[in-house]
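Please open the structure in a viewer and keep the selection tool at hand.

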Amino acid sequence: MKKLFLIFSSIVVISLSGFISNTPKLSNDEIISAKVDSVLSLMTLDEKIGQLNQLSFGIGWGPTIKVAVPDEYKAQIREGKIGSFLNAIGAEFTYELQKVAVNESRLKIPLIFGLDVIHGFKTTFPVPLGEAATWQPEIVEMSAHYQAIEAASAGIHWTFSPMVDIARDPRWGRIMEGAGEDPYLGSLMAAAHVRGYQGNLSDLNIIACVKHYAGYGGAEGGRDYNTVDFSERTFRDIYLPPYKAGVEAGAHTLMASFNEIGGIPSSGSKYLLNDILREEWNFKGFVVSDWNSIGELILHGFASDLKHAGEISLNAGLDMDMESRSYITHLKELVDEGKVDESTIDESVRRILRIKFMLGLFDDPYAYCDKEREQKNIMTNDIKLASLEVAKRSFVLLKNEKNILPLKKDYKKIAIIGPLANNSVDPIGGWGGLGDSADVTTVLEGFKNYVDGSSQILYSKGCNIDDQDKSGFKDAVTKAKKSDVIILCVGEDRDMSGEACVRSTLDLPGVQEDLAKELLKTGKPIISVLMNGRPLSINWLNENANAILETWFAGTMAGDAIAKVLFGDYNPAGKLPATFPRTVGQVPIYYNHKNTGRPGDLKNHYTSKYLDLPLTPLYPFGYGLSYTTFEYSSLNLSTNKITEDDSIVVSVKVKNSGKYEGEEVVQMYVQDLVGSVTRPVKELKGFKKIMLKRGEEKTVNFTIHEKDLRFTAADMKFKSEPGLFKVFVGTNSVDVNEVQFELID
Ligand code: BGC
């Protein structure tokens, strides 16, 4: 075996050195392509097919850290039948697996190890919806970078993240994994994640996987995996941009989604996987299926059996098969029958080998399996501080009656109440990686750390998150009565959002609202801390609590972050990345809707509205308060007519008119008044997060170019059209000032 490896290495080296010395100006890409071709030329068809096969280690979903590598796996790796594992983690364990590939397989091609590092490997950061609420791509990039450091130290080369699916329906539990409802914000977050994970790969970062391509968030009824069917225009203008942004940011892989769109399952769609992705966007990386999404073509009614499914997917451009075993079982037969061309397989193998070369795995297959680095890099102080910082920035202040927040430091007794008050499991959120509740600070602990004995803290759980048991109410009310203020921690548990976690109501589960009603009777002020993975309909809290802080699932440092924000060490500045409806009956509800021919008007019966609800959501997209106040004035345009080659500068003055220094996300929206197709009432086109001291005023500028006004027009071309445009600037998508300009021919 060793001999063969030496021969193989020398073939690569000899052929490359010849190649390189003749053409000294080869780019890195060309060098890698030459190396890839050189390896490919040595491979048998079976070995090629093996590279396209990805298996999950162990049984079920969870990551496996250390077990003896079963003989069955060893044999498959040895025979070159596995190109990649998911869910095998840890420096030591991945080393063991890699050793079999590198020492015992004929061509010594290293394995690539993937894992769902969604918002943290061991140190958990806020769930992605919370990260998006920062409206700070640079913070999200930093977060992804730290997550990459931890994962890469534990043998992981590749994360199945970011999820960039636009979600307009909060019943869909996976809204928690993405950046919400808006294509512009979603695109910036997608790109930030990709940059953060991948950085410079030679610094041992991890490669990103933009998922789930495409349109997965459009599931009918919010039911996970369900049918998706929207117009090509909506697909291109609303759903596709974040995937494209991820590709443009350099993502090396994409994941094909489970769903169908308009009758074609994504995992068998040549239109998506080849025409758009490779031809329009020039994507050079590889595409992995979602878990058994190739096999699921059968139940979709798109393939007659697993063999047919493999034929469809490979020919469509899906390179790596996660867990359906269709490729490994049937591709050879399909080649023999002439249904799949070997050159198509070659192309997929090339794409995968290219990434393995880029990761440096052919030079040092064990680079990511260094036990010392693993010990040193995981849960460092720096990473925990980064998690704390992102958490504070992800919180959204939804209500603050009479400026009850920040909390006064002289409260003698504080009641911390609710099923999420001393809960160290749920703040980890769904897809929490190796996040361990033992590392999480609860709200109760956060408060105790913060007040350090200067106030008395009384705790009562009150009730569970999701059952009908009210036996804990009495203790909660007793403690509340003895206190000056109640911190009421309510919301969802971590398993209520994420994959397959769909809810048909958006209300607080169980008897949590009843607990709040009992507490209200004590007359003590209620500060509600929400933990949840989706927008909720919290009308009662909105009317009755004195303050509400949305904290999503904030990760390892949740409790400390919450205490610091409630006491005003950090002035909250997050904004909602998704609309909060009043009731699930309003869903889907999103800010960038169309006007219709009969816009809702409560005084006019024959208009687009509900008989039993106001027109508006509970909290609009972009909404979020601060402990201070901001005044907007002097909204101006540098000109009110532009041609295609000009740009226009929008300026606005923003003043901190309140008592605290604070940050504000200044948001700019545009409306195209008349088009060859109808246009949304508003579309986010820019935002800036600024810091203002007390009394300070700043002028904020945005530049609009013609390219920012493009959309998929009646002729299906992506272009702008001359005419009038409104520009709205303000603190959220509703509270805005407006001006108008014209785009002329
Ligand atoms: C999910 C993906 C995930 C994959 C691997 C699937 O069920 O849809 O998001 O990356 O499993 O864990």
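Is His157 buried or exposed? Select His157: the residue is buried, with a relative accessible area of 1%. Here buried means under 20% relative accessible area, exposed over 50%, and partly exposed in between, computed with a 1.4 Å probe on protein chains only.

**Before going further**

This is a predicted model, in which local features need pLDDT of at least 70 and side-chain atom pairs count only at pLDDT 80 or more, while totals for chains, interfaces and linings use all residues. Residues are numbered from 1 along each chain as its sequence is written, and side-chain values use heavy atoms, with hydrogens and water left out.

Colour the chain by pLDDT, the predictor's confidence in each residue, from 0 to 100. The mean for the chain is 95, and 96% of its residues reach 70 or more. Next, select residues 1-21, where pLDDT stays under 50. Where pLDDT is low, the predicted coordinates should not be read in detail.

**Stop 1**

Return to His157, which is found in the loop between helix H7 (137-152) and strand S4 (158-159). Helices (H or I, at least four residues) and strands (E, at least two) are DSSP runs, numbered from the N terminus. Display the contacts of His157, a contact being heavy atoms within 4.5 Å. Not counting residues up to four places away in sequence, His157 touches several residues, including Gln98, Leu111, Ile206, Leu359 and Tyr368. A polar atom of the His157 side chain also lies 2.9 Å from the backbone nitrogen of Phe113.

**Stop 2: Gln51**

Select Gln51, in helix H3 (residues 45-51). At 4% relative accessibility, Gln51 counts as buried. Leaving aside neighbours within four places in sequence, the contacts of Gln51 include Met43, Gly80, Ile109, Met320 and Lys356.

**Stop 3: the ligand**

Which residues are the closest to the ligand? Among the 14 residues that surround the ligand, the closest are Asp116, Arg174, His212, Asp290 and Glu499; a residue counts as near if one of its heavy atoms lies within 4 Å. Display the distances from oxygen atoms of the ligand to polar side-chain atoms. The distance is 2.5 Å for Asp116, 2.6 Å for Asp290 and 2.8 Å for Lys211. A polar contact is a pair of N or O atoms within 3.5 Å; within protein, one must be able to donate a hydrogen and the other to accept it, and residues adjacent in sequence count only if both atoms are side-chain atoms.

Stay with Lys211 and inspect the backbone. A cis peptide bond, with omega of about -10 degrees, joins Lys211 and His212, and His212 is found in strand S5.

**Stop 4: aromatic rings**

The whole structure holds 28 aromatic pairs. Rings of Phe, Tyr and Trp (its six-membered ring) pair if their centres lie within 6.5 Å; planes under 30 degrees apart count as stacked, over 60 as edge-to-face and the rest as tilted. Select Tyr225 and Phe258, an edge-to-face pair with 5.2 Å centre to centre and 80 degrees between the planes. Tyr225 lies in the loop between strand S5 (209-213) and helix H9 (232-239), and Phe258 in the loop between strand S6 (253-256) and strand S7 (260-261), so the pair ties together parts that are 33 residues apart in sequence. Tyr225 is partly exposed at 35%, whereas Phe258 is buried at 6%.

Next, select Arg168 and Tyr590: the charged end of Arg168 sits over the ring of Tyr590, 3.5 Å from its centre. For this term, NZ of Lys or CZ of Arg must be within 6 Å of the ring centre and within 35 degrees of the ring normal.

**Stop 5: helix H22**

Finally, select residues 558-566, helix H22. Eight of its nine residues are buried, so the helix is largely enclosed by the rest of the structure. The cover over these buried residues includes helix H17 (381-394), helix H18 (443-451) and strand S14 (485-491). Just after H22, select Gly568, which takes a positive phi of about 90 degrees.
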